[in-house]
Amino acid sequence: MRYTVSIIFFLLTTLVSVAQGTNDSVVKIDSSSVLTVRTINENLSNKYTGDEFDYTFKTGESQNLLARFINWVGQGLSNIFGINISPQLLELIEYFIYFLLIILVIYLVVKLLINENFNSLFQKKAKTVNDINLTEEHIEGIDINKLLHEAVEQKDYRLAIRYQFLLTLQKLSKNDIITWHFDKTNTDYFTEIKQPEIKRGFKKIAYLYDYIWYGEQIIDDVKYTKSVLDFESINKQIQP
């Protein structure tokens, strides 16, 4: 009897469990909510335009001082003159300024290390001209007038300008206005000169010399004659 009751109780319990599991697995549908289908506006890309939606270009606090300044200038041009500069162009300008700054730094470092003038950084330094070897001979012992006369006769006016400059250096050295050395630069000589008039004259001929000789400029007899006037002027001031 007890065995029969146990079986009946087990069967009832199993049926109740199955019934509960069946009720729990039923998905209830909420018919009280209304769904609205939304579509994307075809003009969406035109709506979200402008610098505030351009995430490829840094603005505000994310920029450094240079970028902020360039952006400020661009904004000023837009507000005052109506000139609109794209963020990409402003960024290109920023990189170009970086490039110029790097070139300037390299130039200053090289100039500081080797103490050369600008032209001699990119031109081969001419220590030897024809039979003049400035590394072996002192400038005061060279007959520069003879070499100058030969250069003019051969119409090599660029070389003649070279000799004109060396002739002035020779006069400055003989009169103890400078202390000549083959490895000195024009800047060194300019610093040594104390007389204001001679200093101004030397600055002028040093520029001519650098421009014509190191710049490899071809000059004719007319330009040479005009340039010689500056050399003759300073040479008269040097003579005691």
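**View A. Exposed Lys146 and Glu153 sit on the face of helix 6 turned away from its buried side.** The model is predicted: local features need pLDDT of at least 70, side-chain atom pairs count only at pLDDT 80 or more, and totals for chains, interfaces and linings use all residues. Residues are numbered from 1 along each chain as its sequence is written, and side-chain values use heavy atoms, leaving out hydrogens and water. Helix 6 spans residues 144-153, and its buried residues are Ile144, Leu147, Leu148 and Ala151. These four lie on the same side of helix 6 because they cover an arc of only 100° around the axis. The arc is taken from the directions between the helix axis and the C-beta atoms. An α-helix has 3.6 residues a turn, so residues three or four places apart point the same way. Buried means under 20% relative accessible area, exposed over 50%, and partly exposed in between (1.4 Å probe, protein chains only). Helices (H or I, at least four residues) and strands (E, at least two) are DSSP runs, numbered from the N terminus.

**View B. Helix 6 packs on helix 7.** The angle is about 165°, and the axes are 8 Å apart. Axes are lines fitted to C-alpha atoms, for helices over the stretch in contact, and angles run from 0 to 180 degrees between N-to-C directions. Helix 6 and helix 7 are therefore roughly antiparallel. That label is for angles over 145 degrees; under 35 counts as roughly parallel, 65 to 115 as roughly perpendicular and the rest as oblique. The two helices pass in a left-handed crossing. Left-handed means that the near helix is turned anticlockwise from the far one by less than a right angle; clockwise is right-handed. Helix 6 brings Ile144, Asn145, Leu147, Leu148, Ala151 and Val152 to the contact, and helix 7 brings Tyr157, Leu159, Ala160, Tyr163, Gln164, Leu166, Leu167 and Gln170. By class, there are eleven nonpolar residues, three polar and no charged. Nonpolar covers Ala, Val, Leu, Ile, Met, Phe, Trp, Tyr, Cys and Pro; charged covers Asp, Glu, Lys and Arg; the others, Gly among them, are polar. Contact means heavy atoms within 4.5 Å.

**View C. Gln170 is a buried residue of helix 7.** Its relative accessibility is 5%, so Gln170 counts as buried. Leaving aside residues up to four places away in sequence, Gln170 touches Ile139, Glu140, Ile142 and Ile144. Of these, Ile144 is one of the buried residues of helix 6.

**View D. Lys155 takes a positive phi in the loop between helix 6 and helix 7.** Phi of Lys155 is about 60°, although this residue is not a glycine. Most residues other than glycine have a negative phi. Lys155 counts as exposed because its relative accessibility is 61%.

**View E. Helix 7 meets helix 9.** Helix 7 runs over residues 157-174 and helix 9 over residues 196-214. They pack at about 150°, with axes 10 Å apart. The pair is therefore roughly antiparallel. The crossing is left-handed. From helix 7 come Arg158, Leu159, Ile161, Arg162, Phe165, Thr168, Leu169 and Leu172; from helix 9 come Ile198, Phe202, Ile205, Ala206, Tyr209, Ile212 and Trp213. This contact holds twelve nonpolar, one polar and two charged residues.

View F. At 28% relative accessibility, Phe190 counts as partly exposed. Arg200 is ten residues from Phe190 along the chain, and their C-alpha atoms are 9.0 Å apart.

**View G. Helix 9 crosses helix 10.** Helix 10 spans residues 221-238. The axes come within 9 Å and cross at roughly 145°. This crossing is left-handed. Helix 9 supplies Glu197, Ile198, Gly201, Phe202, Lys204, Ile205, Leu208 and Ile212; helix 10 supplies Ser227, Asp230, Phe231, Ile234, Gln237 and Ile238. By class, eight are nonpolar, three polar and three charged.

**View H. Glu216 lies in the loop between helix 9 and helix 10.** Glu216 is not a glycine, yet its phi is positive, near 55°. Relative accessibility is 51%, so Glu216 counts as exposed.
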